Amino acid sequence: MTPQTFPFSKNRYFPRKRMRSADFIREQTYVEHKLAFLSQWDFGAGVALGLDVQRIDGDSLLVSPGFAVDECGRWLIVDEPAICRVRTLQGFDALHGETALLWLAYHEEYADPMYVPGDQGEVREYAAARERFSFYLTDMRSLPRAAGDLVLFSDATLFEDDDLRVRQVIPRVLPAHGLVQIRLIIESFRAEPLDIVLQYDPELPGVQAAEGGQPLGFDQAIRLQPGETTLALTGKLDTTAQAVLLSLPEKGFLLEKRGLPLRAQLHFREEFPVVSGDPLAALERRLLSQDPQELWNTGAQEGVPLAGVRLLRCGDQVMLDSVFPLAQSQRTVLPCLKERLSDCGAFFPPPLPAERPAAGDLTPAAALSESQRQMATGTVILNAGLHLQEGNILCSDEIAHELGPGAVFIEFGIENVYPAAGTDRNYTDLLLGDASLFTQASGTYESGFDRGVRIHPEKGTFELAVRLKGQLRQAALRLRWFAWRAEEHASHQLPAGTLLRLEPDVTRVAPGAEVNFIPVFEQGLGAPCDFLIPDKQSGVITENGIYTAPEKDGLYQVCAQIKDRPETRVNAFVIVRRWMEGAEHAAGSL
C-alpha cells in the first residue's frame, strides 16, 4: 500500500515558542503530504506530459522530457532528453524474460554539504535536497491500476505471454433493462503488428447482442498494432433478477497466434448485482462509500511505468530489440488541459445517426481501416558494424508500410541524437537529403550519404538503402521513414464486395510454419474464395486459406480469387527464414 499521508499534523505556534529541528521537519512534512494528497485525487498517477521512449541502438534508450505523478503523489519532472544505457540501469541484472518494464522513480540528490556538531565530533550533513528522478527495469508484470478501478470494474486477465495480454473488463453493476458494454483490452508487447484470430463466447444469461437478439460473442481475425487495442461488445440485458452470474467456459475463449491455438489461463466466474435504476448512480454510491486509503488501491510500486522493452538473448549476451507503448490507462490527465480539450470538442460535432455503427458491432476503439489510412511512419535500424568505408551500401529488409497494395510515396531520413554545444542536454535531428551540408555537434555525419528507396506496389512493401560517402563512425544508423498515398488514389471508392487483399499481406515465418490467410473485402461484404499457389515448390494451402510454409528459405507467393473469377486475384507474400526457427527455439528454452 502507498504510505498514508493523513491525518495531517502541523505546527501550532504561540508566543516565545522555541523552534526545534523536529518542528521544521513537521512543517515541511505537512506541506509535502497535503500536496501529495491533492495530487493523488486531482491528477491520479501516471504520465501526464511527454516522456516518450525510443530505441537508439542495441544498448540505449532515449526518454523525452515530460511530467509524471507517482502513486505517492510526488511530481517527477524530466527537464531534458535522457539517454539510458540499458545495461547500467538498476534491475537489469535481475531480469529473467525477454520483455521488461522501464520505470521512472523519484530520487533526491543531496547538495550544499556542511559540518555540524555531533556526539563524537563534527558530522557531515547536507543543507539541501534536490528533487530528481531515476530509471530502473523490472520483469513484465501487471501494471498499476487507477484509484477506484477495483470498485468500478471487474478486470480479469484471460491470457498473457511474452507477446500480448488479454483482459476482460465489465462494470460491477449492471442495468436490469438497458445496454451494457463488455470490453476486451489487448495489450501487444511487440514493436511490429501481430496477427491473431480471437474467439470469445462467454456465458451471459439474459444478455444478448443489442442488434438481432443473438448471443454475445465473436470469432474474428485481428491485426494488433503496438500498444493497446480495445474491442467493445454492446449487449442488452432484460431481467428482473437482483444478480446475474457471468462466466467464461473452457471452450469460450480461443486465441490463435502463429497457427498455434491457445486457451484462456483463467476460469472466470463472477456474480454481478443488477439495479433497476441508473447503474452509474449505483456505482457512484459504491465509490463514495469507500475509505480513502483503501480506495487508493496500489501495490508497493515506487515509480511510474513509461514503456515496455523487448530484449534479445543469446547465451550471456543481451541486446535491446525494441520498445513498445503501454496501455493508455497508465496515463493521467491534467485537469486544465482536459478542460481545454473538452472546449475544443465543440468544434467536432458527432456523426449523423445513420453514420454511427450498430450498437452490437465489434468496434476496435479509435481505429481506422487500412483502406482509410493516408499516411504511415516508422523506424528501422541498419546495423553497420565497425568502421565501414566510403562506398559501402547498407540495405534494410522489406518493410510493410501498412497502406495496402498500390502506388505510394516514400521519404526517409537519418535520426541523429547529439549533445547541444555548451550544455549537458541532447537533441534529436531528422536529416533528409545530403547530411554533409549540416555541421553536427557530434561530427558523426559530416561525410554524408546517398539514399535510395525501392517500392514494391504489388506487395505493399519497400526497401531502404544508404551508400556512405566517407567512413562511418558508429555501429548503426536509425532511419525514420514516411509513406503516404496520393489523394486521388485514396479517395477512389471501390464497389462493395471488391476483394482488396489477403491478411496478412506480408509475413515472416520459420520453415514448416502455418499461416491463416483471411480475404479482406470492401465494406466487409465477402464472397467464397479459392486459394492457390503459383509455384508447386511454394508450400501447400487448404481450401480454407491455411498455408504451410516449405522447408526451404525464400520468398513465396500466395494467391486468392473470388470463385470462378480469376480477374479478382490478389497476392500475399511469405518470407521463410530458417534463423527464425532457431530464434523461437532459443526463446522457448530460456
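## Overall layout

The protein has seven helices and 40 strands. Keep in mind that this is a predicted model. Of its 590 residues, 42% are buried. If you look at contacts with a separation of 6 or more, 67% of them come from residues 24 or more positions apart.

Mean pLDDT comes out at 77, with 81% of the residues at 70 or more. Two stretches need some care. Over residues 354–372 pLDDT stays under 50, and the model has 27 contacts beyond four places in sequence for that stretch. Residues 488–492 also stay under 50, with two contacts beyond four places in sequence. Where pLDDT is low, the predicted coordinates should not be read in detail.

Let's start towards the end of the chain. Strand E40 covers residues 570–576, and seven of its seven residues are buried. Both faces are covered: Val570, Ala572, Val574 and Val576 are buried on one side, and Asn571, Phe573 and Ile575 are buried on the other.

E40 has a parallel partner in strand E33 (residues 506–509), with four bridges between them. Strand E39 (residues 554–562) pairs with E40 too, but in the antiparallel sense and over seven bridges.

## Strand E20 and its partners

Strand E17 (residues 243–247) pairs with E20 in the antiparallel sense, over five bridges. There, alanine 243 has proline 273 as its bridge partner.

## Nonpolar cores

Leucine 174 turns up again in the largest nonpolar core. That core has 35 residues, and the members touching the most others are Leu174, Ile196, Leu198, Tyr200 and Phe253. Leaving aside neighbours within four places in sequence, phenylalanine 253 is in contact with Leu158, Phe159, Val166, Leu198, Gln199, Tyr200, Leu248, Leu262, Arg263 and Ala264. There's also a second, separate core of 29 residues, which includes Leu76, Leu95, Tyr106 and Leu320. As background, nonpolar side chains tend to be buried together in soluble globular proteins.

## Two residues up close

Serine 188 sits in strand E12 (residues 177–188). Its relative accessibility is 1%, so serine 188 counts as buried, the cut-off being under 20%. Beyond its neighbours within four places in sequence, serine 188 is in contact with Asp163, Leu164, Leu224, Gln225, Pro226, Gly227, Phe324 and Pro325.

Arginine 74 is found in the loop between strands E4 (66–69) and E5 (75–78). With 27% relative accessibility, arginine 74 counts as partly exposed. Not counting residues up to four places away in sequence, arginine 74 touches Ala68, Val69, Tyr106 and Glu302. Tyr106 is one of the residues in the second core. The C-alpha atoms of arginine 74 and histidine 33 are 9.3 Å apart, although 41 residues separate the two along the chain.

## Rings and charges

There are ten aromatic pairs in the count. In one of them, phenylalanine 8 and tyrosine 30 have ring centres 6.5 Å apart and planes at 90°, so the pair is edge-to-face. Phenylalanine 8 lies in the segment before helix H1 (21–42) and tyrosine 30 lies in helix H1, so this pair ties together parts that are 22 residues apart in sequence. Phenylalanine 8 has 31% relative accessibility, so it counts as partly exposed. Phenylalanine 133 and phenylalanine 135 also make an edge-to-face pair, at 5.6 Å centre to centre with 70° between the planes. Both phenylalanine 133 and phenylalanine 135 are buried.

Lysine 17 lies over the face of tyrosine 13, at 5.4 Å from the ring centre. Arginine 451 lies over the face of phenylalanine 412, at 5.1 Å from the ring centre.

Conventions: Residues numbered from 1 in each chain as written. Predicted model: local features only at pLDDT ≥ 70, side-chain atom pairs only at ≥ 80, totals over all residues. Heavy atoms only, no water. pLDDT = per-residue confidence, 0-100. Contact = heavy atoms within 4.5 Å. Pairing = 2+ DSSP bridges. Helix = DSSP H or I, 4+ residues; strand = E, 2+ residues; numbered from the N terminus. Buried < 20%, exposed > 50% of the residue type's maximum accessible area, 1.4 Å probe, protein only. Phe/Tyr/Trp six-rings, centres within 6.5 Å; stacked < 30°, edge-to-face > 60°. Lys NZ or Arg CZ within 6 Å of the ring centre and 35° of its normal. Core = buried A, V, L, I, M, F, W, Y, C linked by side-chain atoms within 4.5 Å.
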